[in-house]
Amino acid sequence: MVVQLAGAHRLQAGQHPATPLAYVLAVLICAPFGTHRKWPLPSLAVCLAALLVYSVGRYTAYPGLSIFALTFGISLHSSRRVALVTVIASAVALTVALGVQPPAVRSLSTWVESELGVVVAWLAAENLRNRRARWAELHARAERLERERAAEARRAVTEERLRIARELHDVVAHSMSVIAVQSAVGHHVMDSHPEEARHALAAIEATSRSALTEMRRLLGVLRQDGEPASSLVPAPGLADLAPLVAHVQEAGLSVWVQVEGERGPVPPGVDLSAYRIIQEALTNVIKHAGRATAHVNVGYRPGSVTLEITDDGAGAAPAAGQAAGFSTGHGIIGMRERVAVFGGEFAAGPRPEGGFRVFACLPIPEVTEVTS
């Protein structure tokens, strides 16, 4: 506005040329824009007071644009109540300021333009403020959902580790029961049948070594409080795939099982985890693949057991998985945790030709047996 005053050469009828007071008033009209965020209403009061005094002097370069900018700024950065006060006060001040202008400046079109300018500035600020509020809300919601997903993932990992710990506890408990039985047999036949006692001791040694291996994996994993005592019946393993496949087929899933290699000694923990991974993968096929065919490949190799579960399904899944009563756990997270317990390899993802693939490689630690 100061620049307009300096460059104004044409005066309308009834207008006065710029004086030092006009420049001071022009500064007072424009300067509050720099303080409107901290002091919105005082800044508005100073600006409108300077506007009225400027209008009484009938100076050139009518200062409507400065009022529009201040109305926009206060409406954008202040509360709705302050914004409403600002737009009303600005509209009234512009009406009064135009009322004291000379007839050459005072006209209905000028008044309409001034009032519309104030209203448009207010509406534009309201719209921008609402958009910023929505953006901030969406950003906060996205951060909250991300935190919830991270917390859910941590909870899923914790629950799956506790479940693994309970199952490993069952394996070790079963091994201890075998040791107790074999030691009783050895003690009973030690004098009459030394060879039988020797075989019992060898079985105790092998079983205890296997149990110690499982116990090492159990260390650091706490059992959940309030859980019922575990049964001493051994947990299922790869030898129990036939009942699992039959159960899955009753739920409507066609399953083909292929076994490669010769099965050697497989530790109970590895055997159980392999069974659970296949069970979880087949359950996911039922839940997410719809009507599909699954292929289960179990490979026995020196020092490891490999599992590959693939399907050719796609689309929505029926609720058969839940109706069949399978343990769903936490899907991919649970399977990955089971493999990580043994330091194996795990991969899961869609296949290029369609369907889904789950692959796991569980290493088999060597247990050295001492023979006499």
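Q: Before we get into this one, what does buried mean here?
A: Buried means under 20% relative accessible area, exposed means over 50%, and partly exposed is in between. Keep in mind that this is a predicted model.

Q: OK, so where does Glu-126 fall, buried or exposed?
A: Glu-126 has 11% relative accessibility, so it counts as buried.

Q: And which residue does its side chain pair with?
A: Glu-126 makes a salt bridge with Arg-129, at 2.3 Å from N to O. Both sit in helix H6, which covers residues 108-189, and they're three residues apart, about one turn of the helix.

Q: Is Arg-129 buried or exposed?
A: Buried, because its relative accessible area is 14%.

Q: What's the general idea behind a pair like that?
A: Side chains of opposite charge can pair when their charged atoms come close.

Q: What about Arg-155, which residue does it bridge to?
A: Glu-159, with the closest N and O atoms 2.4 Å apart. That pair also lies in H6, four residues apart, about one turn of the helix. Arg-155 counts as partly exposed because its relative accessibility is 36%, and Glu-159 is partly exposed with a relative accessible area of 33%.

Q: How many salt bridges does the count come to?
A: Nine salt bridges.

Q: Switching to Ser-75, where is it, and is it buried or exposed?
A: Ser-75 is in helix H4. It counts as buried, because its relative accessibility is 0%.

Q: What does Ser-75 touch?
A: Leaving out residues up to four places away in sequence, Ser-75 touches Ala-83, Trp-122, Ala-125, Glu-126 and Arg-129.

Q: How does H4 pack with H3?
A: H3 (residues 40-56) and H4 (residues 64-77) pack at an angle of about 170°, with their axes 11 Å apart. That makes H3 roughly antiparallel to H4.

Q: Which residues meet there?
A: From H3 you have Pro-40, Ser-43, Leu-44, Cys-47, Leu-48 and Leu-51, and from H4 Ile-67, Leu-70 and Ile-74. The contact residues divide into eight nonpolar, one polar and no charged.

Q: Now the strands. How does S2 pair with S1 and S3?
A: S1 (residues 254-260) and S2 (residues 293-301) run parallel and are joined by seven bridges. S2 and S3 (residues 304-311) run antiparallel, with eight bridges between them.

Q: Which bridge partners can I click on?
A: Trp-256 has His-295 in S2 as its partner, and Arg-301 has Ser-304 in S3.

Q: What's in the turn between S2 and S3?
A: That hairpin has two residues between the strands, and Gly-303 in the turn has a positive phi of about 85°.

Q: And how do S4 and S5 pair?
A: S4 (residues 345-350) and S5 (residues 356-363) pair in the antiparallel sense over six bridges. Arg-357 in S5 is the bridge partner of Gly-349. Their hairpin has five residues between the strands, and Gly-354 takes a positive phi near 110°.

Notes. Residues are numbered from 1 along each chain as its sequence is written. This is a predicted model: local features need pLDDT of at least 70, side-chain atom pairs count only at pLDDT 80 or more; totals for chains, interfaces and linings use all residues. Side-chain values use heavy atoms; hydrogens and water are left out. Axes are lines fitted to C-alpha atoms, for helices over the stretch in contact, and angles run from 0 to 180 degrees between N-to-C directions. Angles under 35 degrees count as roughly parallel, over 145 as roughly antiparallel, 65 to 115 as roughly perpendicular and the rest as oblique. Contact means heavy atoms within 4.5 Å. Ala, Val, Leu, Ile, Met, Phe, Trp, Tyr, Cys and Pro count as nonpolar, Asp, Glu, Lys and Arg as charged, and the others, Gly among them, as polar. Two strands pair if DSSP finds at least two bridges between them. Buried means under 20% relative accessible area, exposed over 50%, partly exposed in between (1.4 Å probe, protein chains only). A salt bridge is a side-chain nitrogen of Lys or Arg within 4 Å of a carboxyl oxygen of Asp or Glu.
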